Amino acid sequence: MTYNFTLKATFAAGALALAATTAQAAELRAWNIHVEDYPNSIALESFAAEVAEKTGGEITMKIFHNGVLGSQPDAIEQVRLGALDVANFNLGPMGTSVPETNVVSLPFIFPSIPAMYKLMDGEAGDAISAGMEKKGIKALAWYDSGARSFYNSIRPINSPADVEGLKLRVMNNDLFVGMVEALDGNATPMAFGEVYQSIKTGVVDGAENNPPSYESVSHYEVAQFYSLTEHLIIPECVCISTKAWGAMTPEQQEIVKTAARNSAEQQRELWQAREASALEAVKAGGVTVNTIADKGPFQERMSAVYDGFLEANPDLADLVNLIRNAE
């Protein structure tokens, strides 16, 4: 009987040790809306590989590309609840859940892409991340999604006067509607998939987006004037559920954070290359691409948009001013 008791105790101790070892290993489920060869997707796979390597396989990541786990609004809620562990989100649609993220959707708030990098990697990014964390999402790093510019089938845009009367598709967001209206254009919210045919048939004259999106969905075929207003620079985040983050050791957290930031450096380089190739492709397709010599007149028209935003969100004034007043 003593032998049997000792044997059972040994087996029990072994089972507990195995359970403890298993509990330390985790496979994180990651959401991504982009196709597998997109700059973000390539960088996310590198992120996952570095985490697996540096943790000795204690943390692995299964990335579900192409939005197969649902829409971005659904995925945001799933990360908040801990049903999804990791995601790459554009900050634009996060505003309903995290008010701080609305700030980067203000037109012309970032003067340039390099300025966006500096601000998001610093105090502005920390402030937005703090707001996200209150809602169950922790930002690990910031990805580039380029600058959005206007394109249309009528004429180049060099000044606000060139926008007057143009029917322009925008995302369904009051800030973007207000932006076009402030330029005396006619804002038309509609689904992205409807834009090509709508420009072709004259329902709208044009839209606004970054060069890779403009090129990859062939909008340049029906709207051959692309004007680099760069009115919206909306970064993306590599995010993790605070539930998954809290389950990690400090050492694991440091590995994950470092790997995410390394992936951001890679993504930014890949994005810039993709953007340059997209612009070359549309030029080869007959598009007239023009730069804006002076964006000041456009920015001046945005005062009503900012005033309305700050009236509704007075607690975000410091964050807005931090970004707008940056060198």
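Reply: One definition to begin with: Ala, Val, Leu, Ile, Met, Phe, Trp, Tyr, Cys and Pro count as nonpolar, Asp, Glu, Lys and Arg as charged, and the others, Gly among them, as polar. Also, this is a predicted model.

Me: Fine. How do the residues lining the largest pocket split by class?

Reply: The lining has 19 nonpolar, 20 polar and seven charged residues.

Me: And what volume does the largest pocket have?

Reply: About 1200 Å³. Its lining takes in 46 residues, and those closest to the centre are Q72, N90, P93, R148 and M171.

Me: Which helices supply at least two residues of that lining?

Reply: α3 (72-81), α6 (174-182), α8 (211-216), α10 (250-284) and α12 (303-312) each do.

Me: What about the second largest pocket, what is its volume?

Reply: That one comes to about 270 Å³. It is lined by 15 residues, with M120, L140, A141, W142 and R261 nearest its centre. Two or more lining residues come from each of α5 (123-134), β4 (137-143) and α10.

Me: How does its lining divide by class?

Reply: Into six nonpolar, two polar and seven charged residues.

Me: Switching to the sheet. What is the strand order?

Reply: The order is β2-β1-β3-β10-β4, in an open sheet of five strands with mixed pairing.

Me: By how much are neighbouring strands turned against each other?

Reply: By 25° on average, ignoring direction.

Me: What packs on the sheet?

Reply: Helix α10 does, touching β2, β4 and β10, and its direction makes about 30° with that of β4.

Me: In which sense do β3 and β10 pair?

Reply: Antiparallel, over five bridges, with β3 covering residues 86-90 and β10 residues 236-241. Within that pairing, F89 has C237 of β10 as its bridge partner.

Me: Now the whole chain. How many helices and strands?

Reply: There are 13 helices and 11 strands. The C-alpha atoms fill a box of roughly 95 × 45 × 30 Å along the principal axes.

Me: What share of the residues is buried?

Reply: 50% of the 327 residues count as buried, the cut-off being under 20% relative accessible area.

Me: Last one: what part of the contacts is between residues 24 or more positions apart?

Reply: Such pairs account for 75% of the contacts in the chain with a separation of 6 or more.

How values were computed: Residues numbered from 1 in each chain as written. Predicted model: local features only at pLDDT ≥ 70, side-chain atom pairs only at ≥ 80, totals over all residues. Heavy atoms only, no water. 1 Å grid on protein atoms, 1.4 Å probe; cavity = no way out; pocket = protein on both sides within 12 Å on 5 of 7 lines; lining within 4 Å. Points joined across faces, edges and corners; volume = space filled by probe spheres on them. Helix = DSSP H or I, 4+ residues; strand = E, 2+ residues; numbered from the N terminus. Pairing = 2+ DSSP bridges. Axes fitted to C-alpha atoms, helices over the stretch in contact; angles between N-to-C directions. Contact = heavy atoms within 4.5 Å. Buried < 20%, exposed > 50% of the residue type's maximum accessible area, 1.4 Å probe, protein only.
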